[in-house]
Amino acid sequence: MSINQSGWRPEMTVKGTDEAAPTFTGNKALMLEEALIFEIGSTETTGVEVAEPVTATSRLGNLARTAPIGLPGLSEPETVRHYTRLSRQNYAIDLGLFPLGSCTMKHNPRLNEKMARLPGFADVHPLQPVDTVQGALGVINELAVWLIELTGMHGVAMSPKAGAHGELCGILCIKAALEKRGEGYRKIVLVPESAHGTNPATAAFAGFQVEDIPATADGRVDTAALKARLGPDIAAVMITNPNTCGLFERDLKEISDAVHAAGGYVYCDGANFNAIVGRVRPGDLGVDAMHINLHKTFSTPHGGGGPGSGPVVLSEALAPFGPLPFTERHGDGHITLVEEETVEDRHPDSFGRMTAFHGQMGMFTRALTYILSHGADGLRQVAEDAVLNANYVLRSLEDVLDAPFGKAGPCMHEALFSDANLADGFSTLDVAKGLIDEGFHPMTVYFPLVVHGAMLVEPTETESKAALDQFIGALRSVAERAKAGDASLKSAPHFAPRARLDETLAARKPKLVWKEPAPVAQAAE
Amino acid sequence: MSRYFTQDHEWIDVDGETGTVGISDYAQSQLGDIVFVEVPEEGKSLSQGDDAAVVESVKAASDVYAPVSGTVIEGNAALADDSSLVNSDPEGEGWFFKITLSDASELDQLMDEQAYAAFVEKL
Amino acid sequence: MRYLPLTDHDRRDMLSVIGAASIDDLFVDVPEAARLDGPVHGLPNHASELSVERHMTALARQNTVAGEVPFFLGAGAYRHHVPASVDHLIQRGEFLTAYTPYQPEIAQGTLQMLFEFQTQVARLLGTDVANASMYDGSTACWEAIGMARRITKRGKAILSAGLHPHYVSVAKTMAKYTGDVLDTTSPWLVPDMDVDRLIEKIDGDTSCVVVQYPDILGRIADLKPLADACHANKALLIAVVTEPVALGAIRSPGEMDADIVVGEGQSLGVGLQFGGPYVGLFGCKEKYVRQMPGRLCGETVDADGRRGFVLTLSTREQHIRREKATSNICTNSGLCALAFSIHMTLLGEAGLRQLAATNHANAVAAAERLAKVPGVSLVNDAFFNEFTLDLGQEARPIVRALADKGVLAGVSLGRLYPGEAELANGLVVAVTETVTQEDVEALATAIEEVLA
């Protein structure tokens with residue numbers, strides 16, 4: 001049966017230009033339109049051959065499926081073509097500089113991919129007897145050791161699935177530690193105004209009340225205001241360092257000491273660890289918990305929105321409360337898992353389990369491969385080159401774009417600009433869309449919220465000087481057009497697979513799944 | 001019938017013990033295209049300043065607070081089908097809910113049309 | 001360093017543009033005391049591809065590879081054959097190295113794929129809508145319980161005895177902080193699921209009933225009476241599917257009127273990977289869509305009127321709602337969702353049904369053979385590709401002994417429910433299309449030898 005019985009196809013209303021007529025297909029040479037699988041597949045087609053079932057009597061009870069499911073199939077060549085065509089409508093690091101501030105879009109080494117696909121890692125079940133998975137546990141254990149060393153912390157929880165999950169892990173450790181001390185009445189978590197939205201969302205989930213900490217004029221946490229707020233109701237402070245304005249929080253050690261003296265804990269959002277890896281250890285700044293986005297600092301691929309991986313390093317004070325499971329290496333080199341079974345003996349204060357199985361093993365393999373490839377000297381060079389590249393962008397563009405904190409000194413791994421210099425009626429969004437036509441993914445826009453019309457550029461260390469110069473030239477050109485009031489920028493992008501999309505329509509009448517269109521009425525004969 | 005405004009940009013028309021609540025034209029212009037509105041259920045009792053409704057644009061979600069205390073009589077069902085009414089007629093067809101006032105003296109804390117216009121002017 | 005393009009010459013030039021004398025000048029904001037002067041303790045310096053590969057390969061060799069031995073493990077992660085083109089396609093850099101599609105004009109590939117994925121998942125689970133994926137099945141299960149609380153404004157969830165113990169464990173951890181009350185119990189080694197028991201427990205305070213299908217012991221049952229009982233009490237039915245291939249053979253939970261259906265999508269496209277990354281599936285009835293966690297992709301048009309896709313309803317998410325968000329989750333499992341979707345497209349309905357039929361037939365044949373081993377009995381009545389054996393003695397040491405003989409026999413209930421004597425004899429055995437008759441014979445023979 002054809003899934004799409006009406007034979008409907010999306011209408012391709014591609015405009016011609018002065019020189020060229022619209023094409024029949026809607027394609028523009030290598031820019032290829034692609035229909036949905038529901039429009040091109042059928043339920044009878046398959047690209048897989050499965051062995052005929054052995055003869056056996058069904059034991060499905062009365063539950064055998066009778067109704068059609070409506071899943072279209074494609075043969076292998078059609079499948080390869082469909083997804084290859086789709087892939088070409090994406091921007092990616094492999095295509096060019098991807099300056100998304102706070103997201104650390106660095107090159108993803110292919111050795112990582114090769115190692116993660118070794119059958120000894122890829123084709124191993126999480127519940128195999130531990131004697132049959134000593135190498136897999138060894139990867140977790142070895143990565144844990146390096147994460148602890150790189151951050152100067154005491155322990156690490158490996159299982160969180162991504163950054164926000166890691167944040168939750170850290171906050172739950174703090175909650176458990178407070179309860180153990182009989183101080184569950186501490187309900188307030190202080191979060192800087194510039195923090196990523198996951199910080200307050202996480203604290204609120206754990207039952208804390210969130211209070212904002214103001215920023216100073218130079219883009220950092222107002223240490224005096226923070227200290228003045230400390231007291232017996234403060235559970236924790238959540239700080240991002242380097243912060244979301246791309247600046248190092250100079251006072252973090254002083255803040256940590258004050259928070260500890262007041263009986264609270266310090267959570268550090270490690271989203272920007274790439275700027276300091278190998279040069280600064282958060283443990284030396286008094287941090288109690290910090291998640292590490294392996295997909296940022298340690299180069300595991302973003303994959304179009306995950307999977308991530310968010311191990312959390314913990315101070316001596318918080319380590320006993322970390323989640324299950326974790327690995328334990330014994331004197332003879334044998335590695336065991338501390339799970340529900342052994343928790344009472346080995347880890348009685350654990351707050352519990354956050355996910356099935358042991359965490360993002362495939363990401364651990366990649367991250368460990370990356371750490372070993374770079375080594376101690378290479379990782380330090382990573383931080384230095386990331387910071388160098390960002391400062392180079394900052395200083396090369398501050399004459400054309402407003403850099404709100406540019407005068408205050410160097411930035412760390414990302415350069416922050418604002419829309420202050422643009423012509424009336426031109427916004428950060430217009431600059432972003434203009435960059436798309438120049439062949440670049442835009443920078444992070446409208447974040448952090450503390451800067452009006454923020455543009456946050458994080459080039460990362462894997463860009464060459466030539467790539468940076470080309471990007472700087474492109475952004476300069478777009479910024480100059482926005483300052484001159486070039487109206488064509490308002491309708492950019494002009495050369496992307498799609499023009500600006502109607503997000504209002506999408507949200508007012510959500511169409512989240514494909515539905516068979518009503519057959520077009522046949523004209524009466 | 002008289003109309004009052006809050007500093008959070010809600011308006012309320014009061015007719016006897018019944019009030020009709022919505023958000024001001026200024027508020028809708030700040031929010032941009034409204035894509036979704038969640039109005040309170042009939043019978044819900046609210047204190048002045050409580051979260052009463054939610055209004056969402058593509059990029060923002062805002063709470064609408066109860067300008068006075070009372071019991072909800074009716075939510076505007078038309079907004080479920082067409083949230084754009086809040087943009088096209090915020091102080092008319094785009095009303096959010098009707099409420100029975102439990103304490104009319106609370107209205108004294110609100111602004112009249114003129115005072116609200118002056119308030120918005122300064123923002 | 002092979003991943004760092006800057007030369008020393010570049011670095012000097014750039015420092016002079018910046019107006020800094022040395023790289024240290026760029027780190028002036030780091031207090032003296034916090035600067036790490038020497039190398040990180042114990043970590044060797046950079047290494048070549050070849051030497052890293054040697055190190056990693058040595059670690060990989062210490063593991064028993066599922067594909068190299070008779071292999072019967074399931075319990076939430078299943079070994080299926082993944083067509084070669086799946087891994088080829090997900091390694092295309094435009095998918096692998098893209099970010100979350102926040103700039104839709106240059107992310108239509110990811111967005112259209114997610115729209116197709118959402119539709120495939122909704123159809124498979126039998127729900128009206130589905131989201132763009134969650135971390136995994138266990139976190140999706142907890143998010144569903146939270147969603148039921150928001151919808152019903154009640155805080156008591158009743159969990160089936162057949163729900164995966166790790167999923168129960170995750171929910172228990174989270175419920176400590178949200179105040180949800182969870183009614184939980186371990187399973188019994190009996191042929192049927194606990195549907196009747198659950199129906200009896202539902203009352204006016206119940207937010208939801210959570211039931212796994214097929215359950216942890218591989219059992220299946222008609223969920224419609226349970227859904228009816230939930231709805232009569234204005235509670236929601238949440239169904240959890242850890243083996244989506246099953247839905248090619250048995251009725252979907254949505255068809256049986258479940259309100260929210262979540263699942264672990266690892267079976268299709270993703271592979272075992274020692275437990276992660278996997279891909280959480282999340283579908284529900286249309287009327288609850290605004291209470292749904294996670295990212296959603298929706299269809300719209302561009303300024304020229306052409307069809308396109310965007311992330312939508314994002315006001316539910318933390319970057320806008322901050323402390324009022326429906327969930328603190330930020331990431332989905334995009335690349336695993338892509339693998340799932342490609343595998344599903346390759347299968348199509350015909351292929352999925354064939355795959356499911358082969359799994360079931362293999363499992364039935366294996367169950368019948370294994371039940372003939374002296375001392376062994378089959379617990380299940382109905383099942384799909386996984387069933388539970390009662391070995392008549394503690395299963396966990398037997399699993400270890402069989403591993404020593406080169407047979408990965410299944411998951412002992414002693415591993416999943418440590419310390420519970422009534423369950424200790426149970427062995428959960430999964431039989432997919434990757435299992436041969438020789439494998440089954442090897443398992444039967446090995447169990448027989450060990451039991452003797």
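Phe417(A) sits across from Met455(A), a residue of β12(A). That pairing belongs to a predicted model, as does everything below. The two strands involved, β10(A) and β12 (residues 455-457) of chain A, run antiparallel and share 3 bridges.

Strands in a sheet are held together by backbone hydrogen bonds, in either a parallel or an antiparallel arrangement.

## A hairpin in chain C

Over in chain C, strand β8 (residues 296-301) pairs with β9(C), again in the antiparallel sense, through 6 bridges. If you want a landmark in that pairing, look for Cys297(C), which stands opposite Leu311(C) in β9(C). The hairpin has 5 residues between its strands, and Gly305(C) in this hairpin has a positive phi near 85 degrees.

Chain C divides into domain 1 (68-81 + 349-451) and domain 2 (84-343). Taken over C-alpha atoms, the centres of domain 1 and domain 2 of chain C are 27 Å apart. Where they meet, 31 residues of domain 1 of chain C contact 26 residues of domain 2 of chain C.

Which elements supply the domain 1 side of chain C that touches domain 2 of chain C, with two or more residues each? They are α11 (334-370), β11 (386-390) and β13 (426-430) of chain C. The top contributor is α11(C), with 7 residues. By class, this side of domain 1 of chain C has 16 nonpolar, 8 polar and 7 charged residues.

## Chain A against its neighbours

Between chain A and chain C, 179 residues of chain A are in contact with 171 residues of chain C. On the chain A side, helix α11 (residues 361-397) of chain A gives the most, with 20 residues.

## The nonpolar core

The largest nonpolar core counts 356 residues, and Cys173(A), Ile174(A), Val209(C), Val210(C), Leu237(C) and Ile238(C) have the most contacts inside it. α11(A) supplies the largest share of this core, 20 residues. As a rule, nonpolar side chains in soluble globular proteins tend to be buried together.

Leaving out residues up to four places away in sequence, Val210(C) touches Cys141(C), Ile145(C), Ala157(C), Leu159(C), Ser160(C), Leu163(C), Ile238(C) and Val240(C).

Most peptide bonds are trans, and most residues other than glycine have a negative phi. The bond from Asn241(A) to Pro242(A) is cis, with omega near -10 degrees, and Pro242(A) lies in the loop between β4 (234-240) and α9 (252-261) of chain A. Leu324(A) and Pro325(A) are also joined by a cis bond, with omega about -10 degrees; Pro325(A) is found in the loop between β7 (312-314) and β8 (326-329) of chain A.

Then there are two serines. Ser102(A), in the loop between α2 (76-87) and α3 (110-116) of chain A, has a positive phi near 80 degrees. Ser102(A) is buried, with 23 other C-beta atoms within 10 Å. Ser299(A) also has a positive phi, of about 65 degrees, and lies in the loop between β6 (289-291) and β7 of chain A. Is Ser299(A) buried or exposed? It has 25 C-beta neighbours inside 10 Å, so Ser299(A) counts as buried.

An unreviewed UniProt entry places "modified residue: N6-lipoyllysine" at Lys59(B). In the model, Lys59(B) is in the loop between β6 (51-57) and β7 (61-65) of chain B and counts as partly exposed, with 16 C-beta neighbours inside 10 Å.

For chain A, the UniProt annotation "domain: Aminotransferase class V", also from an unreviewed entry, covers residues 186-303. That span of chain A is 21% helix and 21% strand, and its end C-alpha atoms lie 39 Å apart.

Technical notes:
Residues numbered from 1 in each chain as written. Chains lettered and ligands numbered in written order. Predicted model: local features only at pLDDT ≥ 70, side-chain atom pairs only at ≥ 80, totals over all residues. Pairing = 2+ DSSP bridges. Helix = DSSP H or I, 4+ residues; strand = E, 2+ residues; numbered from the N terminus. Contact = placed C-beta atoms within 7 Å. UniProt positions renumbered as here; feature names shortened; annotations may be inferred. Buried ≥ 20, exposed ≤ 12 C-beta atoms within 10 Å, placed from the backbone. Domains from an automatic or database assignment. Nonpolar A, V, L, I, M, F, W, Y, C, P; charged D, E, K, R; others polar. Core = buried A, V, L, I, M, F, W, Y, C linked by C-beta atoms within 7 Å.
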